[in-house]
Amino acid sequence: MPKDLFNRYLWIVDTIRRHGTITRDELNRQWMRTTFSNGQPMPRRTFYNYRNAIEEIFHINIVCNTSTFEYSIDDGGEKNAASVTDWMLNTASMSNTLTEARDISSRIFLEDVPSARQYLSTVVSALRENRTIEFAYTPFSRSGRPKGVRLEPYFLKIFRLRWYVTGRNIKENVIKTYALERMTEVNITPDTFKMPGNFDAEDYFRHSFGIVFSQGEPRRVTLRVEPRQAKYFRALPLHHSQSEMVTDGYSVFTYYLRLTPDFVQELLSYGPRVTVIGPPELRAMIIQNLNESIENYRI
């Protein structure tokens with residue numbers, strides 16, 4: 001077995017995903033440009049063996065359109081399947097790359113994601129089996145002994161390199177979000193639950209910036225952004241609702257979301273490069289925070 005076999009699987013999936021659909025001939029042309037090929041085309045039997053292995057290892061189906069003889073990735077029609085697949089492939093590819101780069105580890109600096117190591121697997125298992133979990137929880141706003149929580153986990157979300165689980169707090173009968181890194185003594189219970197028929201996990205945070213949920217109505221937010229910062233917003237939008245209008249000397253970005261504290265803090269982090277045009281209540285939040293910061297420096 002070639003030592004780079006795992007990389008070959010990743011290459012095939014990534015190439016098909018990037019093209020959307022691709023014929024075997026085109027895939028072969030791409031293949032022959034890689035170091036995997038040694039200048040030789042991929043035998044048809046080898047491709048089918050790789051295809052079967054990819055399905056077994058990654059649970060990714062590579063399907064063929066018999067009318068066009070083009071290959072594509074079948075996401076099964078699930079709304080989040082493509083993003084989860086992308087995340088998995090990126091993570092697997094990165095992990096494999098870093099494993100091969102141990103000899104230069106002193107020159108590679110990473111950010112820690114502590115919650116992913118200890119409890120992510122446990123919570124994923126609970127989601128898969130629709131089982132409740134019990135854990136001790138200490139939010140940043142609380143001091144003293146951790147609080148015991150029993151939760152029906154509805155979904156997981158990663159934000160700013162931190163994992164969060166959202167579900168129904170059974171005792172309080174309220175949907176809440178918990179950071180995995182603030183959890184201890186996490187256990188899956190024998191009790192099962194059914195997801196509410198009217199609950200849409202994707203829709204829950206649709207109009208939120210991060211992981212803070214608000215009952216407030218979404219608002220149209222307009223920002224005046226200086227040209228250099230605008231380039232960053234184009235490359236990494238603040239929210240999926242982002243739209244831009246370019247004018248002389250600046251850009252106007254528009255969003256449709258709820259006015260949550262984490263969004264306010266995000267805007268404050270850009271300083272004078274971003275100015276809130278509307279709505280008025282968001283401008284008031286920004287001004288209040290700025291005034292309070294100035295007061296901290298008055299002597």
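**A walk through the model, starting with two helices**

Let's begin where helix α9 (residues 261-268) meets helix α10 (residues 280-296): their axes come within 10 Å and cross at roughly 65°. Axes here are lines fitted to C-alpha atoms, for helices over the stretch in contact, with angles running from 0 to 180 degrees between N-to-C directions. Helices (H or I, at least four residues) and strands (E, at least two) are DSSP runs, numbered from the N terminus. At this crossing, Phe263, Val264, Gln265, Leu267 and Leu268 of α9 meet Leu282, Met285, Ile286, Asn289 and Leu290 of α10, where contact means heavy atoms within 4.5 Å. Sorted by type, the residues of this contact are 8 nonpolar, 2 polar and no charged. For that sorting, Ala, Val, Leu, Ile, Met, Phe, Trp, Tyr, Cys and Pro count as nonpolar, Asp, Glu, Lys and Arg as charged, and the others, Gly among them, as polar.

A word on what you're looking at: this is a predicted model, in which local features need pLDDT of at least 70 and side-chain atom pairs count only at pLDDT 80 or more, while totals for chains, interfaces and linings use all residues. Residues are numbered from 1 along each chain as its sequence is written, and side-chain values use heavy atoms, leaving out hydrogens and water.

Leu267 turns up again in the largest nonpolar core, which has 38 residues; Leu267 is listed with Phe135, Met183 and Leu223 as having the most contacts inside it. Such a core is a set of buried Ala, Val, Leu, Ile, Met, Phe, Trp, Tyr and Cys residues joined through side-chain atoms within 4.5 Å, and buried means under 20% relative accessible area, with exposed over 50% and partly exposed in between (1.4 Å probe, protein chains only). Leaving out residues up to four places away in sequence, Phe135 touches several residues, including Lys147, Val149, Tyr178 and Met183.

Now for the strands, which count as paired if DSSP finds at least two bridges between them. Strand β3 (residues 70-74) pairs with β1 (residues 22-23) in the antiparallel sense over 2 bridges, and isoleucine 22 stands opposite tyrosine 71 there. Strand β2 (residues 61-65) also runs antiparallel to β3, joined by 5 bridges, with valine 63 partnering serine 72. In the β2 and β3 hairpin, 4 residues lie between the strands, and phenylalanine 69 takes a positive phi near 55°.

Last stop: arginine 224, in strand β9 (residues 219-225). Its relative accessibility is 42%, so arginine 224 counts as partly exposed. Arginine 273 is 49 residues away along the chain, yet the two C-alpha atoms are separated by 8.3 Å.
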